[in-house]
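Visitor: I have a sequence and a model to look through. Could you walk me through it, one question at a time?

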Amino acid sequence: GHYTREECHVDLRPLAAFSKARLIHESATKLDLDKKLVYMNGRPPVRYDVLSVDIGITPEQGGVTGADQHATPVKPINGFSARWDALVRRVTTSDAPTSVVVVGGGAGGTELALSMQYRLRQELETAGKPPSQVHFTLVTRSQLLPTHN
(Lines give C-alpha, C1' and ligand atoms only; values in the text may rest on other atoms or scores of the structure.)
Protein backbone atom coordinates (compact mmCIF):
# COMPACT_ATOMS: atom_id res chain seq x y z
CA GLY A 1 0.00 0.00 0.00
CA HIS A 2 2.64 2.56 1.00
CA TYR A 3 5.58 1.30 -1.06
CA THR A 4 6.28 0.59 -4.71
CA ARG A 5 7.11 -2.93 -5.84
CA GLU A 6 10.74 -1.89 -6.23
CA GLU A 7 10.85 -0.57 -2.66
CA CYS A 8 9.49 -3.88 -1.34
CA HIS A 9 12.11 -6.09 -2.95
CA VAL A 10 15.61 -6.49 -1.58
CA ASP A 11 18.38 -7.72 -3.88
CA LEU A 12 20.08 -10.23 -1.60
CA ARG A 13 23.35 -10.45 -3.55
CA PRO A 14 24.70 -7.00 -2.60
CA LEU A 15 23.26 -7.32 0.91
CA ALA A 16 25.03 -10.65 1.42
CA ALA A 17 28.27 -9.27 -0.03
CA PHE A 18 28.08 -6.21 2.22
CA SER A 19 27.56 -8.37 5.31
CA LYS A 20 30.22 -10.86 4.19
CA ALA A 21 27.67 -13.67 4.11
CA ARG A 22 27.47 -16.43 1.53
CA LEU A 23 24.22 -16.57 -0.43
CA ILE A 24 23.14 -19.90 -1.92
CA HIS A 25 19.93 -20.03 -3.98
CA GLU A 26 18.97 -23.67 -3.51
CA SER A 27 16.46 -25.78 -1.64
CA ALA A 28 17.63 -27.62 1.44
CA THR A 29 16.88 -31.34 1.11
CA LYS A 30 18.11 -32.58 4.48
CA LEU A 31 19.37 -31.30 7.81
CA ASP A 32 21.85 -33.28 9.88
CA LEU A 33 21.46 -31.73 13.32
CA ASP A 34 24.16 -33.90 14.92
CA LYS A 35 26.83 -33.02 12.34
CA LYS A 36 25.39 -29.51 11.82
CA LEU A 37 25.13 -29.86 8.03
CA VAL A 38 22.61 -28.62 5.48
CA TYR A 39 22.28 -30.78 2.36
CA MET A 40 21.15 -29.50 -1.04
CA ASN A 41 20.74 -31.01 -4.51
CA GLY A 42 23.87 -30.81 -6.65
CA ARG A 43 25.99 -29.06 -4.00
CA PRO A 44 28.23 -30.22 -1.19
CA PRO A 45 26.71 -29.91 2.29
CA VAL A 46 27.23 -26.65 4.19
CA ARG A 47 28.34 -26.71 7.82
CA TYR A 48 26.77 -24.32 10.30
CA ASP A 49 27.16 -23.21 13.90
CA VAL A 50 23.77 -21.49 14.07
CA LEU A 51 20.95 -22.35 11.68
CA SER A 52 18.03 -20.13 10.73
CA VAL A 53 15.40 -21.71 8.47
CA ASP A 54 13.14 -19.48 6.38
CA ILE A 55 10.89 -21.80 4.41
CA GLY A 56 9.22 -19.05 2.38
CA ILE A 57 5.80 -20.41 3.27
CA THR A 58 3.06 -20.44 0.64
CA PRO A 59 -0.37 -20.91 2.21
CA GLU A 60 -2.36 -24.05 1.44
CA GLN A 61 -5.68 -22.91 0.03
CA GLY A 62 -7.06 -26.31 -0.89
CA GLY A 63 -8.77 -26.74 2.49
CA VAL A 64 -10.98 -23.66 1.99
CA THR A 65 -13.74 -24.04 -0.58
CA GLY A 66 -13.43 -21.38 -3.30
CA ALA A 67 -10.07 -20.05 -2.12
CA ASP A 68 -8.18 -21.30 -5.18
CA GLN A 69 -10.52 -19.36 -7.48
CA HIS A 70 -11.25 -16.25 -5.44
CA ALA A 71 -8.46 -15.60 -2.93
CA THR A 72 -5.09 -13.96 -3.46
CA PRO A 73 -2.33 -15.27 -1.20
CA VAL A 74 0.38 -12.76 -0.32
CA LYS A 75 3.11 -15.33 -0.97
CA PRO A 76 4.65 -15.76 -3.40
CA ILE A 77 4.88 -11.98 -3.70
CA ASN A 78 5.02 -11.88 -7.52
CA GLY A 79 1.54 -13.38 -7.81
CA PHE A 80 0.22 -11.00 -5.17
CA SER A 81 1.81 -7.97 -6.87
CA ALA A 82 0.12 -8.71 -10.18
CA ARG A 83 -3.28 -9.23 -8.52
CA TRP A 84 -2.79 -6.08 -6.42
CA ASP A 85 -2.07 -3.98 -9.52
CA ALA A 86 -5.22 -5.37 -11.15
CA LEU A 87 -7.27 -4.56 -8.04
CA VAL A 88 -5.98 -0.97 -7.95
CA ARG A 89 -6.91 -0.53 -11.62
CA ARG A 90 -10.35 -2.08 -11.11
CA VAL A 91 -11.17 0.03 -8.06
CA THR A 92 -10.00 3.31 -9.58
CA THR A 93 -11.75 2.81 -12.94
CA SER A 94 -15.07 1.62 -11.55
CA ASP A 95 -17.89 3.47 -9.87
CA ALA A 96 -19.06 0.33 -8.09
CA PRO A 97 -18.27 -0.17 -4.40
CA THR A 98 -15.55 -2.71 -3.66
CA SER A 99 -15.33 -4.93 -0.60
CA VAL A 100 -11.92 -6.36 0.32
CA VAL A 101 -11.58 -9.09 2.97
CA VAL A 102 -8.21 -9.89 4.55
CA VAL A 103 -8.02 -13.17 6.49
CA GLY A 104 -5.56 -13.14 9.36
CA GLY A 105 -5.66 -10.91 12.42
CA GLY A 106 -1.98 -11.15 13.32
CA ALA A 107 0.56 -8.43 12.66
CA GLY A 108 0.97 -9.31 8.97
CA GLY A 109 -2.75 -9.43 8.15
CA THR A 110 -3.48 -6.27 10.11
CA GLU A 111 -0.64 -4.34 8.47
CA LEU A 112 -1.69 -5.61 5.05
CA ALA A 113 -5.33 -4.57 5.53
CA LEU A 114 -4.41 -1.11 6.80
CA SER A 115 -1.84 -0.50 4.06
CA MET A 116 -4.19 -1.65 1.31
CA GLN A 117 -6.99 0.51 2.70
CA TYR A 118 -4.70 3.55 2.85
CA ARG A 119 -3.44 3.08 -0.71
CA LEU A 120 -6.84 2.39 -2.29
CA ARG A 121 -8.43 5.36 -0.55
CA GLN A 122 -5.57 7.60 -1.72
CA GLU A 123 -5.97 6.31 -5.28
CA LEU A 124 -9.73 6.95 -5.17
CA GLU A 125 -9.22 10.51 -3.93
CA THR A 126 -6.70 11.12 -6.74
CA ALA A 127 -9.26 9.78 -9.24
CA GLY A 128 -11.88 12.18 -7.82
CA LYS A 129 -13.93 9.36 -6.30
CA PRO A 130 -15.12 8.96 -2.72
CA PRO A 131 -12.73 6.95 -0.54
CA SER A 132 -15.76 5.28 1.02
CA GLN A 133 -16.17 3.39 -2.28
CA VAL A 134 -13.84 0.71 -0.86
CA HIS A 135 -14.66 -1.19 2.32
CA PHE A 136 -12.33 -3.49 4.26
CA THR A 137 -13.06 -6.40 6.58
CA LEU A 138 -10.38 -8.12 8.64
CA VAL A 139 -11.25 -11.71 9.62
CA THR A 140 -9.47 -13.43 12.49
CA ARG A 141 -10.15 -16.68 14.34
CA SER A 142 -9.25 -15.17 17.70
CA GLN A 143 -8.58 -11.70 19.02
CA LEU A 144 -6.95 -9.08 16.83
CA LEU A 145 -3.15 -9.01 17.16
CA PRO A 146 -3.15 -11.79 19.78
CA THR A 147 0.61 -11.59 20.41
CA HIS A 148 0.71 -7.78 20.57
CA ASN A 149 -1.85 -6.97 23.30
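Guide: Gladly. This is a predicted model. We start with Gly109, which is placed in helix H5.

Visitor: Is Gly109 buried or exposed?
Guide: Buried means under 20% relative accessible area. Gly109 has a relative accessible area of 14%, so Gly109 counts as buried.

Visitor: Which residues does Gly109 contact, leaving aside neighbours within four places in sequence?
Guide: Gly109 sits in helix H5. Set aside the residues within four places of Gly109 in sequence, and the contacts are Val102, Gly104 and Leu138.

Visitor: How far apart in space are Gly109 and Ala86?
Guide: In sequence, 23 residues separate Gly109 and Ala86. In space, C-alpha to C-alpha, the distance is 20 Å.

Visitor: Which element gives the most residues to the largest nonpolar core?
Guide: That core has 13 residues, and Trp84, Leu87, Val100, Met116, Leu120, Val134 and Phe136 have the most contacts inside it. At least two residues each come from helix H4 (77-93), strand E4 (98-103), helix H5 (107-126) and strand E5 (134-139). With five residues, the top contributor is H4.

Visitor: Which residues does Leu120 touch, not counting those up to four places away in sequence?
Guide: Leu120 is among the core residues with the most contacts. Residues up to four places away in sequence are not counted here. The partners of Leu120 are then Trp84, Leu87, Val88, Val91, Val100, Val134 and Phe136.

Visitor: Are H4 and H5 roughly parallel or oblique to each other?
Guide: Two packed helices are described by the angle between their axes and the distance between the axes. For H4 and H5 the angle is about 40 degrees, and the axes are 9 Å apart. Angles under 35 degrees count as roughly parallel. H4 and H5 are therefore oblique.

Visitor: Is the crossing of H4 and H5 left-handed or right-handed?
Guide: On the H4 side, Phe80, Trp84, Leu87, Val88, Val91 and Thr92 take part. They meet Leu112, Met116, Arg119, Leu120, Glu123 and Leu124 in H5. The crossing of these helices is right-handed.

Visitor: Which strands stand at the edges of the open sheet of three strands?
Guide: The order is E1-E2-E3, with antiparallel pairing. Neighbouring strands are turned by 20 degrees against each other on average, direction ignored. Two strands have a single partner each, so one side of each is left without a neighbour in the sheet; they are E1 and E3.

Visitor: Which residue in E2 stands opposite Lys30?
Guide: E1 (residues 28-32) and E2 (residues 37-40) run antiparallel, joined by four bridges. Leu31 stands opposite Val38. Lys30 faces Tyr39.

Visitor: Which residue in the hairpin of E1 and E2 takes a positive phi?
Guide: This hairpin has four residues between the strands. The phi in question is near 55 degrees, and the residue is Lys36.

Notes: Residues numbered from 1 in each chain as written. Predicted model: local features only at pLDDT ≥ 70, side-chain atom pairs only at ≥ 80, totals over all residues. Heavy atoms only, no water. Core = buried A, V, L, I, M, F, W, Y, C linked by side-chain atoms within 4.5 Å. Buried < 20%, exposed > 50% of the residue type's maximum accessible area, 1.4 Å probe, protein only. Contact = heavy atoms within 4.5 Å. Pairing = 2+ DSSP bridges. Axes fitted to C-alpha atoms, helices over the stretch in contact; angles between N-to-C directions. Parallel < 35°, antiparallel > 145°, perpendicular 65-115°, else oblique. Left-handed = near helix turned anticlockwise from the far one by under 90°.
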